[in-house]
Amino acid sequence: MGKIIKYILLDIIKNKIVIAYTIFLLAITLSVFSLEDNSQKGMLTLLNLVLFIVPLVSIIFSTIYIYNSSEYIELLISQPIQRKSIWLSIFVGLSSALTLAFLLGVGLPLLLFEQSAVSFMMTAMGVFISIIFVVLAMLASVTTRDKAKGIGITILLWIYFSLLFDGLILFLLFQFADYPLEKPMVGVSMLNPLDLGRILILLKMDISALMGYTGAIFKDFFGTKTGMALSVTVMFLWVLLPLLYSLRKFKHKDL
Amino acid sequence: MIEVTNITKKFGKLQVLKGISAKCEAAQCIALIGPNGCGKTTLIKNILGMVVPDSGTITVLGTDISRGWKYRSAIGYMPQIGKYPENMKIGQVIEMLMDIRRMEQKTDEDLINAFALPQLYHKRMGTLSGGTMQKVSAAIAFLFKPQILILDEPTAGLDPVASEILKEKIITEKENGKLFIITSHILSELDELVSRVIYMHDGNILFNNTIEALKADTGETKLSRAIAHFMSKN
């Protein structure tokens with residue numbers, strides 16, 4: 001398995017897109033910090049970067065990469081190699097490349113400019129989000145053979161998680177405005193890793209007061225150790241469950 | 001060496017294999033023939049574990065293939081259309097396979113040298129002609145000295161010199177006690193190689209016997225004529 005990971009990583013690095021992505025992240029992070037004198041504002045800009053660009057690049061790059069390596073997968077499958085180790089190698093290769101890009105592009109400058117709980121939380125969430133969207137891409141590409149359809153599905157997934165989900169929640173909140181929905185909202189936020197990430201980062205920023213009563217409830221829940229442990233567990237589940245499901249599908253896939 | 005029992009496979013609504021059973025022993029050279037789309041490649045891919053059958057069992061060297069993957073080290077496979085990572089060079093592909101399967105020390109590089117592949121090692125897979133790709137596939141199939149060799153349309157696209165080299169190799173290895181399964185539409189070529197014929201039609205095996213029996217049955221002396229006779233009868 002180690003050797004396959006090595007070949008996949010070499011292939012990704014040769015591809016140069018991940019290097020360009022790293023430089024892009026680094027340029028944005030550096031310019032945000034050098035333009036703003038108030039680092040809080042800079043952090044808010046970075047938050048949007050982490051919540052929009054990172055998942056988009058992760059999911060699209062991974063999907064296209066997996067479709068393009070179909071020949072490589074086919075070559076390996078006729079060799080005495082377990083299907084499981086091929087699929088997990090792809091997972092490790094893609095997620096470590098994208099995580100590394102994020103750590104170099106955002107994590108490292110954050111560490112240099114502003115060592116705070118917010119920076120730490122943002123780096124952690126960025127890593128989680130990178131990996132989760134790699135896994136979602138793997139799930140989408142194992143479901144359909146058609147490349148255009150697969151990429152379409154991943155774009156829809158991204159739109160759903162970063163835009164539609166919030167719209168749906170707002171709609172629900174307005175429809176059921178007469179009921180106390182603050183507590184169920186904590187549960188609902190777990191259904192979207194991007195929302196969960198956003199809440200966890202915002203709570204560290206001390207602007208949760210702007211979120212009103214819901215913000216207070218969130219602070220009450222996510223501020224505690226149990227709440228934090230639970231949200232980290234949920235993030236792990238977001239990686240693990242789609243990964244295991246895609247692995248199951250890959251084991252029975254006809255090539 | 002290979003035993004296939006009641007294999008069925010559906011692709012969507014299309015029933016490709018309708019309960020195939022067959023047994024292949026060592027030191028045989030089996031021709032798997034039949035019209036286009038009769039399920040030959042699907043059957044081969046089932047044996048290789050690239051396609052998972054809907055029902056039925058396949059055992060290779062005594063182990064059920066649904067429970068293992070190590071059996072694949074005993075099989076060399078030459079696909080009909082070789083698919084390789086386009087931006088890798090020939091040398092890199094061969095080196096990578098040798099690296100991944102390093103525990104198997106002894107390699108057979110006869111075909112690599114006979115096809116003069118080392119001179120082409122710097123060429124990218126994406127730029128290769130169909131024939132060169134076939135040469136690479138053949139060399140890889142024989143590389144790890146497998147006991148079973150499955151060749152899907154081996155000589156299609158090869159020039160006469162290369163296909164003669166490949167045939168020589170098949171004959172020597174057959175005498176070493178290896179099992180060959182070859183699919184081809186060029187029956188005249190199979191005549192000198194095969195000892196047994198499996199004829200498939202529409203997802204079923206219509207005929208599975210030695211070449212002598214086929215010739216005796218039909219009263220023909222050439223495989224191509226015997227098959228033509230057999231096909232017109234059915």
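**Figure 1. Chain B as a whole.** With 234 residues, a compact globule would have a radius of gyration near 17 Å, and chain B agrees at 18 Å. The radius is taken over C-alpha atoms, and the globule rule is 2.2 Å times the number of residues to the power 0.38. This is a predicted model: local features need pLDDT of at least 70, side-chain atom pairs count only at pLDDT 80 or more, and totals for chains, interfaces and linings use all residues. Residues are numbered from 1 along each chain as its sequence is written, while chains are lettered from A and ligands numbered from 1 in the order in which they are written. The C-alpha trace of chain B spans about 50 × 40 × 35 Å along its principal axes. Chain B has eight helices and ten strands. Helices (H or I, at least four residues) and strands (E, at least two) are DSSP runs, numbered from the N terminus. Of the 234 residues, 41% count as buried. A residue is buried if 20 or more other C-beta atoms lie within 10 Å of its own, exposed if 12 or fewer, and partly exposed in between; C-beta atoms are placed from the backbone.

**Figure 2. Helix α4 of chain B.** This helix covers residues 130–143. The expected span is 1.5 Å times one less than the number of residues. Eleven of the 14 residues are buried, so α4(B) is largely enclosed by the rest of the structure. Among them are T132(B), K135(B) and F142(B). The buried residues pack against β6, α2 (90–100), α3 (110–114), β7 (148–152) and α5 (160–175) of chain B. Just after the helix, K145(B) takes a positive phi of about 50°.

**Figure 3. A139(B) and the largest nonpolar core.** A nonpolar core is a set of buried Ala, Val, Leu, Ile, Met, Phe, Trp, Tyr and Cys residues joined through C-beta atoms within 7 Å. The largest one has 131 residues. V134(A), I30(B), A139(B), I150(B), F180(B) and I182(B) touch the most other members. Helix α6 (residues 117–143) of chain A gives the most to this core, with 17 residues. Leaving out residues up to four places away in sequence, A139(B) touches L111(B), I112(B), F115(B) and L117(B). Two residues are in contact if their C-beta atoms, placed from the backbone, lie within 7 Å.

**Figure 4. The loop residue A74(B).** A74(B) lies between β5 (63–64) and β6 (75–78) of chain B. With 19 C-beta neighbours inside 10 Å, A74(B) counts as partly exposed. Beyond its neighbours within four places in sequence, A74(B) is in contact with V60(B), L61(B), P146(B), Q147(B) and I148(B).

**Figure 5. Two residues with positive phi.** Most residues other than glycine have a negative phi. K16(A) has a phi near 70°. K16(A) sits in the loop between α1 and α2 (17–35) of chain A, and counts as exposed, with 9 C-beta neighbours inside 10 Å. A27(B) has a positive phi of about 55°. A27(B) is found between β2 (14–24) and β3 (29–33) of chain B. With 13 C-beta neighbours inside 10 Å, A27(B) counts as partly exposed.
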